[in-house]
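The sequence and structure are shown first.

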Amino acid sequence: MSTEGGADAGGRKFRELKSALLADITEGGYEAGALLPPQRDLAAKYKVSRDTVQRVLGVLAGEGWIDSSRGRGAVVLRTPTVRSGGRGSSATRRVALGPLIAAAFTAPHVTLDAFTLTSEVLYTHLRAQEELIRAHEIRPPTTITVRMMVPSEDQPPPFPFVRGAPDDDRPQKHLRGIREYHTDGLVRLLEGLGRDIDGLTVTVDLKRVPLVPYSKLYILNEAEVVTGPYVPSERPITLDGGTTLDVVDVMGFDSPLTHSVKDGDPESQDSLTVSSWRQWFDSTWRLLAT
């Protein structure tokens, strides 16, 4: 999941632009084969330099999301989907994480439990809701309660690593930097929202566990579960300072997700799935989290 450039790759603006473009791609804003806007338009829309846009597009191309061949613009190559049997249909159909989180934010009391490797994807989608609330484009809920678990610092994950160089700790340091950026940013973002929006109470609790997630987990409003395995692949990453390494890594935005919704039948497969994951999260939170 170490998918962000460091300070020399554009810093905060680099990270925010990359997250925004990945969210657009993964949420269906651009279908496979579609062209991204020209670089000058992206620079103007996101208030970044053309150099930052070029760096972000280069990383997205290296990760296989786009083809940015000279002269034809940036073409989207793939878009992941969520497999969902919920909301009135047992057939697999395409839904996306962003709209699921947006729908959860229409409730007066929003709850979100999450177990992730870096919280990069979660940060991106909650930031979108925060911006809409601040812009008065959606009504703020009365309460937002977030419990988030991430691996403890003394529990190194198996990814990323340089094949054949097990003692090279640069990819792991890169991963820890990404986790710190997004988890700390998410806490600040939501706590700031609670301070600034009248009538909104926000509770954010971040805990570290001696576990490494092999599948991300989101529980929305105690009634919906979204899970997805972290799938390893070989790809380049850009470290702070601009050095590029070929590593074996996992990507959060590319996880194939499964969506389950609790329904009126407590014995249905979806209801049992939601209940099981809620029990797992509550037990882990109570017994293992620090």
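The model is predicted, with local features requiring pLDDT of at least 70, side-chain atom pairs counting only at pLDDT 80 or more, and totals for chains, interfaces and linings using all residues. Residues are numbered from 1 along each chain as its sequence is written, and side-chain values use heavy atoms, with hydrogens and water left out.

**Overall architecture**

- The protein contains 7 helices and 12 strands, both taken as DSSP runs numbered from the N terminus (helices: H or I, at least four residues; strands: E, at least two).
- Of the 290 residues, 48% are buried, that is, under 20% relative accessible area (1.4 Å probe, protein chains only).
- The accessible surface amounts to about 13500 Å², and carbon and sulfur atoms contribute 50% of it; areas come from the Shrake-Rupley method with a 1.4 Å probe.
- Among contacts (heavy atoms within 4.5 Å) with a separation of 6 or more, 71% involve residues 24 or more positions apart.

**Helix 2 and helix 3**

- The axes of helix 2 (residues 39-46) and helix 3 (residues 50-62) come within 9 Å and cross at roughly 110°; axes are lines fitted to C-alpha atoms, for helices over the stretch in contact, and angles run from 0 to 180 degrees between N-to-C directions.
- Helix 2 is therefore roughly perpendicular to helix 3, a class that covers 65 to 115 degrees.
- Helix 2 passes helix 3 in a right-handed crossing, meaning that the near helix is turned clockwise from the far one by less than a right angle.
- Q39, R40, L42 and A43 of helix 2 make the contact with R50, V53, Q54 and L57 of helix 3.

**Helix 4 and helix 5**

- Helix 4 (residues 97-104) packs against helix 5 (residues 120-134) at an angle of about 50°, and their axes are 10 Å apart.
- On helix 4, L97, G98, I101 and A102 meet V121, L122, H125, L126 and Q129 of helix 5.

**Residue I101**

- I101 lies in helix 4 and is buried, with a relative accessible area of 2%.
- Beyond its neighbours within four places in sequence, I101 contacts L122, H125, L126, Q129 and L220.

Methods
Buried < 20%, exposed > 50% of the residue type's maximum accessible area, 1.4 Å probe, protein only. Parallel < 35°, antiparallel > 145°, perpendicular 65-115°, else oblique.
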